[in-house]
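Please keep the structure open beside them as you read.

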Amino acid sequence: MMSACNLMKAIQMYDFYLYDLNLFLDTHPNDRNALARFNEIKERRKKAYEAYTKNYGPITAVQNNSDEHFYWTDDPWPWERGAN
Amino acid sequence: MWSYEKKLQYPVNIKNPNPRLAQLIITQLGGPDGETGAAMRYLSQRYSMPYGKVKATLTDIATEELGHMEMISAIVYQLTRNLSIEQIKESGFDKYFVDHTTGIYPIAASGMPFSAATFQSTGDVITDLTEDLAAEQKARTTYDNILRLVDDNDVKDPIRFLRQRELVHFQRFGEGLRIAQDNLNSKNFYAFNPAFDKISSKK
């Protein structure tokens with residue numbers, strides 16, 4: 001099991017990778033190489049999100065998976081030192 | 001971090017363009033009690049909020065307000081479709097048109113461009129939340145006035161939805177203020193700012 005910190009780093013990396021491809025695809029919507037990379041990173045990103053949200057809490061509110069507590073409201077928040 | 005969802009929070013489908021009305025409704029985009037000010041206010045304030053539940057409330061309501069900017073912009077956009085120069089002149093829309101054509105630009109109904117001077121972020125928990133309660137009521141009043149000025153049901157329907165959200169936000173901020181007050185200790189009877197005056201807010 002990866003630590004919360006390492007999983008968050010992986011998520012930030014995949015999200016940024018995907019987003020930068022997103023920007024490229026905005027102006028090149030038929031580029032098959034970029035689309036293949038986009039789909040590949042999308043899968044890796046999904047796995048990282050699943051591992052993080054299952055063990056360390058939601059990144060978006062709808063990822064909260066408890067019948068007892070809304071972990072979304074728990075500290076720390078991303079702007080706090082050491083929490084991002 | 002934010003990401004965009006390619007949908008409106010509530011549908012906007014307006015059959016009849018009405019540039020005169022667009023000039024009134026745009027005040028909820030760029031006016032003193034509009035959605036842009038609301039979003040910027042809550043996004044700015046959340047950094048000095050010490051309580052998770054209220055950090056969540058500010059973050060979530062601010063995010064919803066960004067969606068409301070989009071709804072107001074969609075209403076203004078649809079109200080200014082396919083205009084002839086005659087319609088532009090007759091409706092008084094020419095004063096907006098000369099600078100912005102039919103682009104969307106955040107201004108008040110008076111023509112005053114959006115300004116951060118319409119809101120505060122004081123870094124004081126009680127002060128900020130009290131401003132937020134007032135802000136939601138002021139936006140509700142503006143929606144009430146818009147509803148008094150509009151006949152078109154295609155416009156009234158999404159405006160009524162936005163008005164109702166102001167009431168829900170007022171309720172949630174009231175609860176947020178209560179949470180903040182419950183966290184003030186018994187020595188902090190005069191509500192010194194718990195985000196800054198650490199000694200008086202010690203648990």
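**Notes on the predicted model**

1. The largest nonpolar core of this predicted model has 35 residues, and those with the most contacts inside it are Ala22(B), Ile25(B), Ile26(B), Ile72(B), Ile75(B), Val76(B) and Leu79(B). At least two residues of this core come from each of helix 1 (19-25), helix 3 (35-45), helix 4 (52-79), helix 7 (125-149) and helix 8 of chain B. Helix 4 of chain B gives the largest share of the core, namely nine residues.

2. Leaving aside residues up to four places away in sequence, Val76(B) touches Ala22(B), Ile25(B), Ile26(B), Leu29(B) and Ile104(B).

3. For chain B as a whole, the secondary structure consists of eight helices and zero strands, so that the order of elements from the N terminus on reads α-α-α-α-α-α-α-α. The C-alpha atoms of chain B fill a box of roughly 65 × 35 × 30 Å along the principal axes, and 35% of its 203 residues count as buried. Among the contacts in chain B between residues at least 6 apart in sequence, 75% join residues at least 24 apart.

4. If residues up to four places away in sequence are not counted, Leu177(B) touches Leu129(B), Thr130(B) and Leu133(B). The C-alpha atoms of Leu177(B) and Asp132(B) are 9.7 Å apart in space, although the two residues are 45 residues apart in sequence.

5. Turning to chain A, helix 1 (residues 4-27) and helix 2 (residues 32-56) of chain A pack at an angle of about 150°, with their axes 9 Å apart. Helix 1 of chain A and helix 2 of chain A are therefore roughly antiparallel to each other, since an angle over 145 degrees counts as such. Helix 1 of chain A passes helix 2 of chain A in a left-handed crossing, and the contact of these two helices has 20 nonpolar, no polar and five charged residues.

6. Finally, how many residues does each chain bring to the contact? Six residues come from chain B and seven residues from chain A. The side of chain B that touches chain A has two nonpolar, one polar and three charged residues.

Key:
Residues are numbered from 1 along each chain as its sequence is written. Chains are lettered from A and ligands numbered from 1 in the order in which they are written. This is a predicted model: local features need pLDDT of at least 70, side-chain atom pairs count only at pLDDT 80 or more; totals for chains, interfaces and linings use all residues. Two residues are in contact if their C-beta atoms, placed from the backbone, lie within 7 Å. Ala, Val, Leu, Ile, Met, Phe, Trp, Tyr, Cys and Pro count as nonpolar, Asp, Glu, Lys and Arg as charged, and the others, Gly among them, as polar. Helices (H or I, at least four residues) and strands (E, at least two) are DSSP runs, numbered from the N terminus. A residue is buried if 20 or more other C-beta atoms lie within 10 Å of its own, exposed if 12 or fewer, and partly exposed in between; C-beta atoms are placed from the backbone. A nonpolar core is a set of buried Ala, Val, Leu, Ile, Met, Phe, Trp, Tyr and Cys residues joined through C-beta atoms within 7 Å. Axes are lines fitted to C-alpha atoms, for helices over the stretch in contact, and angles run from 0 to 180 degrees between N-to-C directions. Angles under 35 degrees count as roughly parallel, over 145 as roughly antiparallel, 65 to 115 as roughly perpendicular and the rest as oblique. A crossing is left-handed if the near helix is turned anticlockwise from the far one by less than a right angle, and right-handed if clockwise.
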